Amino acid sequence: MRQAKTIKDCLFVARRVLPHPEAEVLTTLALGVDRSTLYAFPEYFVSDKAAQRHKDWLARRVNGEPLAYISGEKEFWGLNLVIHPEVLVPRPETETVIECALPLTDSDSHVLDLGTGSGAIALALANETKANITAVDIRTECVDLCRLNADRLGLHVTVILSDWFSNISRSFDLIVSNPPYIAVNDPHLKNDGLTFEPDIALCGGKDGLEAIRTIITEAPSYLRSGGNLLIEHGHDQARQVASLFEKSGFTEIRNTPDIAGTLRVCSGTKP
């Protein structure tokens with residue numbers, strides 16, 4: 001792969017090996033320019049350091065590493081989050097959780113985000129609603145990263161180290177979660193990028209429902225009467241998850257599709 005010297009050169013090389021939209025994003029991030037500069041001033045020369053960074057990042061992306069890990073950042077619900085390989089990369093379909101949660105949340109609400117990772121869901125809700133948000137994760141590195149992102153964004157979120165509800169002692173108006181929900185033998189785990197992401201954030205046991213089952217079973221003890229539970233699930237798990245909600249006594253059970261039209265979030269109300 002030849003060493004590119006201008007913005008145009010860098011973009012040309014990236015487009016040869018990546019889809020055009022992704023090539024544009026990687027090039028802007030690696031060169032430290034915005035998209036308008038990419039097209040308005042393609043003849044601009046880039047420094048040797050920037051050109052080498054672009055070359056290195058491109059090689060890593062071609063090898064399957066998620067761009068969020070390469071650049072160290074990812075946008076979610078309009079928020080620019082710091083991301084590292086110890087956390088799951090936030091995805092567009094998870095924004096469905098935010099869309100479902102907003103009508104159920106106001107400034108007086110107490111909200112719990114289980115398995116917060118980078119803090120994507122908790123911080124998006126804090127930014128939109130100014131509600132009282134508590135975010136928990138079983139891993140110290142996730143707790144630290146959520147706190148870092150909250151500080152950078154100037155958002156207040158209480159972050160706790162907890163294995164689901166193990167360190168929770170109060171009740172909430174709303175509980176949200178994007179738990180691991182891929183079965184351990186699911187071939188999708190070999191898809192682009194997933195091999196780089198932490199198994200603990202992806203794998204939900206033999207049937208993919210282990211974490212979801214635990215959350216749904218235990219959530220009623222931490223929800224106020226009339227409170228709601230929202231859980232993201234896999235593309236083919238809607239019926240199973242809704243059944244688990246029903247068995248745990250939830251009412252007003254509903255499945256909501258993501259931006260692609262796939263049923264993605266199950267919700268229910270504690271009577």
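Analyst: Axes are lines fitted to C-alpha atoms, for helices over the stretch in contact, with angles from 0 to 180 degrees between N-to-C directions. The model is predicted, so local features need pLDDT of at least 70 and side-chain atom pairs pLDDT 80 or more, while totals for chains, interfaces and linings use all residues. Residues are numbered from 1 along each chain, and side-chain values use heavy atoms, without hydrogens or water.

Helix α11 (residues 238-247) packs with α10 at about 25°, the axes being 9 Å apart (DSSP runs, numbered from the N terminus: helices H or I, at least four residues; strands E, at least two). The two are therefore roughly parallel (under 35 degrees; over 145 is roughly antiparallel, 65 to 115 roughly perpendicular, the rest oblique). Ile 212, Arg 213 and Ile 216 of α10 make the contact with Val 241, Leu 244 and Phe 245 of α11 (heavy atoms within 4.5 Å).

Phe 245 is buried, at 0% relative accessible area (buried is under 20%, exposed over 50%, partly exposed in between; 1.4 Å probe, protein chains only).

The whole structure holds 3 aromatic pairs (Phe, Tyr or six-membered Trp ring centres within 6.5 Å; stacked under 30 degrees, edge-to-face over 60, the rest tilted). Phe 165 and Tyr 222 are stacked, because their ring centres lie 4.5 Å apart and their planes at 10°. This pair joins the β5 (158-161) to β6 (172-177) loop, with Phe 165, to the loop between α10 (210-218) and β7 (223-232), with Tyr 222, 57 residues apart. Both Phe 165 and Tyr 222 are buried. Phe 245 also pairs with Phe 250: centres 5.1 Å apart and planes at 55° make this pair tilted. Phe 250 is buried too, at 5%.
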